[in-house]
Amino acid sequence: MSWRIANECAERRFGSAARKQIVMFLADKASDDGSGIWCSKGTIQRHTELSESTVKRTIIDFLREGILIETGRRHCKNGYTVIYRIVLVRVAALERMAEPDIETGVTVNPVQPEHGTGSTVNGVRGSRWTPNHPKTTHKPPTRKREAAEEVEDLEAEKILAIYPEDRIRDRRTTLRLISAVVRAGVKPDDLRQAVKAYAKESEGYTRSKVCFSDNWFKMRRWEKGVAQIQVDREKAREAEAKGRASLAEWIHERHPLCRHITTRQLKDLIASKLVTPEQVRAAGLQA
């Protein structure tokens, strides 16, 4: 279970109670990066008590909208179960659950801006201002917060420096938008890679086809690049896991190709508990 994914989903609008209920159930099964969700539609239906058709339709909608992606399949007694990942950047792009504005509607003897002085019993009066009064002096920012803001500004500058120079417009607005994206949870390195991918893709475009920096970030054009980076990263993890499993199988079978396994790979296999030191030695290798 990932509190990060669950909290992010809980703060967003998904369009209906059924969609929200299903995504919260999926978030409960996810890792911190949104991956590793494997549960059948029947399981979702039983736990949410929604109809099977609603569950199937909602999952299809989430896949089409990019909120979910399929990352693999897991074998089970009835065939296989699809493994999903919640795409955090897509969730972060959804509308937040705003707190309702509370209005009293009082038109007769409205509340005065001047706060009361409190009790006068025994000559003791209350504080002039309540802690949440608009005229209360707020504490200055801490050094820790100032340092975090400086790092955030520096990251935004580095990201903007990668954007094609001839398309940078309204620098201040662009930096503010970049900082907002990073605060939403997008890794700066992923955002840099997305900007590089766009710069390479649009190289040679005429002026009528390019997108200026303020509009590019405002229109969230970076989402496509970041989503692709995450998909590629997931595929790389799967390929790496498959490669490790293949090496471990060579060792278990004492295959002649074992001699091509490097010392570093052997240590990695032992650390991953795919093989034991005894099995390595039995295969004629030494870690």
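View 1. G42 is partly exposed, its relative accessible area being 30% (partly exposed lies between buried, under 20%, and exposed, over 50%, using a 1.4 Å probe and protein chains only). You will find G42 in helix α3, residues 41-48 (helices are DSSP runs of H or I with at least four residues, numbered from the N terminus).

A note on the model: it is predicted, so local features need pLDDT of at least 70 and side-chain atom pairs count only at pLDDT 80 or more, while totals for chains, interfaces and linings use all residues. Residues are numbered from 1 along each chain as its sequence is written, and side-chain values use heavy atoms, leaving out hydrogens and water.

**View 2. The pair Y163 and F217.** The structure holds 6 aromatic pairs (rings of Phe, Tyr and Trp, the last by its six-membered ring, with centres within 6.5 Å; planes under 30 degrees apart are stacked, over 60 edge-to-face, the rest tilted). One of them joins Y163 and F217, a tilted pair at 6.3 Å centre to centre and 45° between the planes. Because Y163 sits in the loop between α6 (143-162) and α7 (171-183) and F217 in helix α9 (residues 213-218), the pair ties together parts 54 residues apart in sequence. Y163 and F217 are both buried.

**View 3. W216 beside F217.** Here W216 and F217 make an edge-to-face aromatic pair, 5.0 Å centre to centre with 80° between the planes. W216 is buried, as is F217. Together, Y163, Y198, W216 and F217 form one aromatic cluster.

Technical notes
Helix = DSSP H or I, 4+ residues; strand = E, 2+ residues; numbered from the N terminus.
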